[in-house]
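This briefing is meant for a reader who is meeting the structure for the first time. Please keep the sequence and the model in view while reading.

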Amino acid sequence: MILGIDVGGTHTDAVLVEGCDVRRKAKVSTDASHLLTSLSRAVKAVLEGENPLKLRRVVLSTTLSTNAIVQGKVDKVGIVLPSGPGLSPSHFQLKDPVHFVSGYVNHRGIEMAAIDEDEIAGLASTFHDQGIRHAAVVGKFSTRNPLQELAIKDMIGGRLRHVSLGHRLSGNLNYPRRVATAYLNASVWETYNHFVGQVLDFIREQNISAPIYILKADGGTFKISDSAEYPVQTILSGPAASIMGVLSIVSCHEDAVVIDIGGTTTDIALFARGVPLLEPLGVTIGDYKTLIRGMKTKSVGVGGDSAVSVEDGNLKIGPRREGVAAAFGGPCPTPTDAMIVLGLTSIGDRQKAAEAIDAVAKEMKSPVEETAERIVGQMCGIIASHVGQVIEDVNNRPVYTIHELLEDARLQPRVLYLVGGPAKPLSANLGKLLGCSVFVPEHAEAANAIGAALARTTAEITLLADTERKVLTVPETGTQVKIPAHFKMADVIKAGEDMLRREAVNMGADEEDLELEIVESQEFNMIKQFFTTGKNIRVKIQVKPGLIAVLQ
Amino acid sequence: MTKKKKKTALVFFPAFDWAISPTHPEREERLLYTQDQIFEEGLLDFDNIVEYKPGIATVEDINRAHICVPDAQSVTMEPHLISAGGAITAAEKVLSGQADNAFALVRPPGHHAMLVVHGARGFCNINIEAIMIEYVRKKYGVKKIAVVDTDCHHGDGTQDIFWHDPNVLYISVHQDGRTLYPGTGFPDDFGGPNALGATINIPLPPRTSDEGFLYALDNLILPILDDFQPDLIINSAGQDNHYSDPITDMRFSAQGYALLNEKLSPHIAVLEGGYSIEDALPYVNVGIILAMAGIDYSHVREPDYNSAALKQSDDISRYIEKMVQYIGNQWKQRHAIKEKLVGSAKHAGRKKNIYYDTDNISEQQEETVRICRDCGGVVTIDSTADTGNRIFAVIIPALSCDACRREGEDIFEKTEKGKYRHVYLQDKDRGVYLAK
């Protein structure tokens, strides 16, 4: 048995999955100020009468870090940046003051300026005096050589609770994002670790001895102990949970669109040959662009409860939500009311829905039915045009080789999975607009918790072999090792696969179920004065996001 | 420092799977470290910098700018079509109003490719700026265009293609041809008889630094542009004037390049040469992109930058001042010089020997232009290469007058194929290209 829990913004869901079946499910409303209470109510509901010792694994997806960041309930962070020249310092504006210090490495990872020990010691005292207990240290190109970040951590770490290092959070290049990511990690570290302590206590009280995993934004899991070091990896795991849930219910192997229609917003995601598409660099949370590996999702400001109004003779839907639909006693007409009028669904009070839509119809000077049709049509039109845009974005992603440019592999989804309250009523309309066959999966209301329960452990590793300098650098593990001058692409891949396999198993992956994928492999000759002096080999390998089981 | 932000389109195509040959400077990793620096500085996250995929240029696009022997397919490969396509995409973004300016950061370069193409010279097969220019003239009807070529090598190809064209002002600032390939581009090379002054060459002495480049910009290039009033300014943005470039001898810096770009404010920049792939290109390109987008670039600097060591000598400063004055005077007297030069002649001719260093081909050309006060003048070219190919071409200029059109069509009709592999008619005005 597997226990999956998703502590979402509105609801907390828990499911108990046994083999290929959902054995039990529970939904309670989330109390944002007491997440643990919500979690324990949902868990107790599905575990009642069950033997907790039969649990094989527990997976939790939580909005804790997301909420803390979005609501600004974060700790003060000492931000230390050995940045070197480049973008103006004015572009690094965070919630806390930023300290630019001496030292930096270049694009090949070669040290261009050394750290000034006195300067760092001075900063350590400043942090101490200001009561700062968490720091983020981020160097430009630190993914190419992490030594300066590590050295600074050694110098300031002693007097702090925790130091977040840029190179550990992602192997991708993007200094401003790396700075933001490390800052966020440091700013939620204390809050998150406090929560982890509570969760572990609660789990123990329930007599659960199974290993506990946390869901990440990329739809993969990692051990709760690892999450304590990298809490920022847990942001935006909610949408990822839902998408993985849909995947587990429908067993998709082709290009597809997933649309989750909620009350206020509609979320769009894509599968390429059955694999969820990730953001190329990292997810965005609030104003922060990060390097957190996460699913590419787009949130559109229309939903079943969006307020419908008339402005200058034109229908307007959303992005405001005034409350529930009129059919449920809400204050204004909504698309849900229009669906009820059209007989697409039989929920709520039909009379109230009709009255609300009638008011709109009068203003539009058109019959009620026609008005309802226009509301539903317009809502579907908005969603469909955003889907079109997301697909176009993906298809327009730049490529950097002639081979890829001429090959021009395009995403062409012909299947649409619809989840959320208004999924069934809108399925025909959306399917037609998008030219897709539509499926409304079963258990969709608990897809998030199911997705969490069944998500595989994921990890990614970035390797840069510079055979001129005879160094192999792996930022995610913070390692730099010597390699011989004759090191080849095959050697780098072999080393990477071994490391990633070890790393993934440490993070809780099942050795039997490890699907490694080479995401990137490039090899360049380095030439000085017409002579080859070495090779620059770049490899990125991932454990493919996926599921440990598929429901039947 | 607050600047006005501009929407900048970036067409970045490093062609990581193509090289002229394994150890050739024009090889796979030429833009590798530039990519690293652009990514690491997070430039693509700025809302006003948008990256686009390059298009692929067509044979029709090439035939608007070149006479390829025997035909466009034979002298190009996919990389050339993508590089030219990238330049076209950049121009499209600006002229369609999607961007204020655009930078085509593409390879291979093109400014040594001349009107007639028998093969590759100076790492170039086809001239990507010229193809772009003819494209925007055809598609958007742009009339007056200025090209400022800041590559360290004289852009002899671009000069050749627009030599007779009064509507394309070609200004090249480069290392003195007596000290560097291709050995041309002197102040008295001033344009064809119908287009005198529409070619400006500014050969700078070796070891010229930021000061010298910016002096020429402020005191010569910008005033000439002000007189010419172009509808479109293009920067052939070669980056081999950099002090670290391995095949040139200049002392320009990333700051200098960025400042030049800010002052010149081109609508479109197209990468040309530049082979200091580790020490210059990453910083120069970041500087140019920031300058184009109107973002503070004052903190961009090469790790080993040392302004004192790079300072140019007083001799160089004096030399440049004198040359700038000479060229400026010539520009002011261009109409008078033209009257004197042309007199009552009906046609003017010149003979050229052209060497294709990359493909080791020699070509002899005889070119004739009809003296015309109403347009660029119809041009005929008789070209023989040691590949055994001899061709004859008639070029009717953009915005041609009736007399030049009639003469051009007449010559094309009457010229027998006979000894020629092909006889071509390139009608730039109507976008027609014929070969027999």
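The structure is a predicted model. The contact between the chains takes 32 residues from chain A and 33 residues from chain B.

**Chain B as a whole**

- The secondary structure of chain B consists of 13 helices and 16 strands.
- The C-alpha trace of chain B extends over about 65 × 45 × 40 Å along its principal axes.
- Of the 436 residues in chain B, 58% are buried.
- Among contacts in chain B with a separation of 6 or more, 73% are between residues 24 or more positions apart.

**Contact between chain A and chain B**

- Chain A brings 32 residues to the contact, and chain B brings 33 residues.
- On the side of chain A that touches chain B, at least two residues each come from helix H5 (175–205), helix H11 (402–407), strand S26 (516–528) and strand S27 (531–543).
- That side of chain A is made up of 16 nonpolar, 13 polar and three charged residues.

**Helices H3 and H4 of chain A**

- Helix H3 (residues 117–129) of chain A packs against helix H4 (residues 147–156) of chain A at an angle of about 50 degrees, and their axes are 9 Å apart.
- The crossing in which H3(A) passes H4(A) is right-handed.
- H3(A) contributes Glu117(A), Ile120(A), Ala121(A), Leu123(A), Ala124(A) and Phe127(A) to the contact, while H4(A) contributes Ile152(A), Met155(A) and Ile156(A).
- By class, the residues of this contact between H3(A) and H4(A) are eight nonpolar, no polar and one charged.

**His128 of chain A**

- His128(A) is placed in helix H3 of chain A.
- His128(A) counts as partly exposed because 14 other C-beta atoms lie within 10 Å.
- Gly78(A) is 50 residues from His128(A) along the chain, and their C-alpha atoms are separated by 9.8 Å.

**Cis peptide bonds**

- In chain A, the peptide bond from Gly318(A) to Pro319(A) is cis, and its omega is near -5 degrees.
- Pro319(A) belongs to strand S20 (residues 314–321) of chain A.
- In chain B, Arg107(B) and Pro108(B) are joined by a cis peptide bond with omega of about 0 degrees.
- Pro108(B) lies in the loop between strand S4 (101–106) and strand S5 (116–117) of chain B.

- Lys365(A) is not a glycine, yet its phi is positive, about 55 degrees.
- The loop between helix H9 (350–364) and helix H10 (368–395) of chain A holds Lys365(A).
- Lys365(A) counts as exposed because it has 9 C-beta neighbours inside 10 Å, and the limit for an exposed residue is 12 or fewer.
- Ala15(B), also a residue other than glycine, has a positive phi near 45 degrees.
- Ala15(B) is found in the loop between strand S1 (8–13) and helix H1 (32–40) of chain B.
- With 25 C-beta neighbours inside 10 Å, Ala15(B) is therefore counted as buried, the limit being 20 or more.

Notes
Residues are numbered from 1 along each chain as its sequence is written. Chains are lettered from A and ligands numbered from 1 in the order in which they are written. This is a predicted model: local features need pLDDT of at least 70, side-chain atom pairs count only at pLDDT 80 or more; totals for chains, interfaces and linings use all residues. Axes are lines fitted to C-alpha atoms, for helices over the stretch in contact, and angles run from 0 to 180 degrees between N-to-C directions. Helices (H or I, at least four residues) and strands (E, at least two) are DSSP runs, numbered from the N terminus. A crossing is left-handed if the near helix is turned anticlockwise from the far one by less than a right angle, and right-handed if clockwise. Two residues are in contact if their C-beta atoms, placed from the backbone, lie within 7 Å. Ala, Val, Leu, Ile, Met, Phe, Trp, Tyr, Cys and Pro count as nonpolar, Asp, Glu, Lys and Arg as charged, and the others, Gly among them, as polar.
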